[in-house]
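This briefing goes through one protein model by topic. Please have the sequence and the coordinates open while reading.

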Amino acid sequence: MIFESIKNQIKDVKKIAFVTGAGISQESGIPTFRGKGGLWRNHDAMKLATIDAFYENPKLVWEWYNERRENIFSVSPNQGHKAIADLEKYVKVVILTQNIDGLHQKAGSSEVLELHGSIVKIKCTVCDFKDEIMTKFSEIPPLCKCGNILRPDVVWFGESLPEEIWKHAIVQASQCDMMIIAGTSLVVSPANTLPIYAKQNNAYLIEINPEKTEMSSEMDLIINDTSANVLPKIVSMFKE
Ligand code: BJW
Ligand code: ZN
């Protein structure tokens, strides 16, 4: 029944925007932020993801990132990431992701906008040094050549999203005719406004999440299941 209504919708679809969050990588073995996975050594992940926490205790925040880097670099994209990458063969796809894990790109997706940065990237807290580093830092916090502390090049609470990427994300959301929102609680702004831009273009909104979210009532279709279960089924309909 659910999949019948998607079948009717996909006939005229030209561009699909995906809005993804931590839940899409949960089945790859990466914990989510809220709910069961949201505690790291008894620290609330939400309290660690702030610039204040970083300056208060850079070593602690770097330990958190070091562990996550190690985990993220060792895991693989799951059936959900792979299905989205596969979908590019049949329709124009853009991914607006809050994730910093790079798994969409690893799965082969070509148009991925990283709204909250990337865990591979680091930058200096003082000078304009930036780099991409795949290895574990043995000394933390790592230092820049200029002597100041390096930080992960990600977006923490109270910080702005990379301006050009965010502008591009709004354009993409405003131009899609279907938006699939998978694995995000939609509690963090401004990423949670993207479905509103899509709705203004009369896009059909599908939410894939085992739980209800604060924006479930705004959706055209809700599928309460995991993304690795659902996405391959949706993509298979484009092949028929
Ligand atoms: C599955 C599943 C499966 C599970 N399949 N689904 C008051 C003071 C200051 C700021 C604010 C304020 N009020 C509002 C703000 C703005 C703030 C905000 O939104 N706060 C709210 C929390 C209240 N936003 C910001 O500050 C943003 N910047 C900004 O607004 O700039 C303007 C500004 C400047 C100055 C001052 C004020 C404003 C920046 C937000 C940056 C968020 N950063 C993080 C960390 C990134 C780096 C890192 O990863 O380490 O981004 S926090 C964290 O939350 C991370 C995520 O991308 C983001 C969203 O989480 P997500 O992905 O939705 O994960 P979960 O865990 O919440 O949900 C997972 C979902 O998956 C659940 O629903 C599960 O059910 C589901 N699921 N398994 C499918 N198998
Ligand atoms: Zn520096």
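Predicted model: local features only at pLDDT ≥ 70, side-chain atom pairs only at ≥ 80, totals over all residues.

Which residues of H10 are buried? They are Ser227, Ala228, Val230, Leu231, Ile234, Val235, Met237 and Phe238.

**Helix H10**

- Helix H10 covers residues 227-239, and its end C-alpha atoms lie 19 Å apart. The 13 residues should span 18 Å at 1.5 Å a residue, so the two values agree.
- An α-helix has 3.6 residues a turn, so residues three or four places apart point the same way.
- Among the buried residues of H10 are Leu231, Ile234, Val235 and Phe238.

**Nonpolar cores**

- The largest nonpolar core has 27 residues, of which Ile16, Phe18, Ile180 and Ile206 touch the most other members.
- At least two residues of this core come from each of helix H1 (2-10), strand S1 (15-20), helix H6 (79-87), strand S4 (92-97), strand S9 (178-182), strand S10 (204-208), strand S11 (221-223) and H10.
- H10 is the element that gives the most to this core, namely six residues.
- Apart from neighbours within four places in sequence, the contacts of Phe18 are Ile84, Leu87, Val93, Val94, Ile95, Leu96, Ile180 and Leu231.
- There is also a second, separate core of 26 residues, and its members include Tyr65, Phe137, Cys144 and Leu150.
- In soluble globular proteins, nonpolar side chains tend to be buried together.

**Zinc site**

- Four SG atoms, those of Cys124, Cys127, Cys144 and Cys146, coordinate the zinc ion (ligand 2) at 2.2 to 2.3 Å.
- The angles between the four donor atoms are 105 to 120°, and the arrangement is therefore tetrahedral.
- The spacing of the donor residues in sequence is C-x2-C-x16-C-x1-C.
- Cys144 has a relative accessibility of 9% and so counts as buried, whereas Cys146, with a relative accessible area of 38%, is partly exposed.
- Cys144 is a zinc donor and is also included in the second core.

**Charged residues in loops**

- Arg41 sits in the loop between strand S2 (39-40) and strand S3 (43-44), and its relative accessible area of 48% makes it partly exposed.
- Arg41 and Trp64 are separated by 23 residues in sequence, with their C-alpha atoms 9.0 Å apart in space.
- Lys14 is in the loop between H1 and S1 and is exposed, at a relative accessible area of 62%.
- Beyond residues up to four places away in sequence, Lys14 touches Val91, Lys92 and Asp177. Lys14 and Asp177 are 163 residues apart in sequence, yet their C-alpha atoms are 6.7 Å apart.

**Backbone exceptions**

- Most residues other than glycine have a negative phi, and most peptide bonds are trans.
- The bond from Ile140 to Pro141 is cis, with omega near -5°; Pro141 is in the loop between strand S7 (130-132) and strand S8 (150-154).
- The bond from Ser189 to Pro190 is also cis, with omega near 0°; Pro190 is in the loop between S9 and helix H9 (194-200).
- Leu186, in the loop between S9 and H9, has a positive phi near 55° and is buried at 2% relative accessible area.
- Asn42, in the loop between S2 and S3, has a positive phi of about 70° and counts as exposed at 70% relative accessibility.

Note on methods:
Residues numbered from 1 in each chain as written. Chains lettered and ligands numbered in written order. Heavy atoms only, no water. Donors = N, O, S within 2.8 Å, 3.2 Å for Na, K, Ca; no water. Tetrahedral: all angles 85-135°; square planar, octahedral: opposite > 155°, others 65-115°. Buried < 20%, exposed > 50% of the residue type's maximum accessible area, 1.4 Å probe, protein only. Helix = DSSP H or I, 4+ residues; strand = E, 2+ residues; numbered from the N terminus. Expected span 1.5 Å × (residues − 1). Core = buried A, V, L, I, M, F, W, Y, C linked by side-chain atoms within 4.5 Å. Contact = heavy atoms within 4.5 Å.
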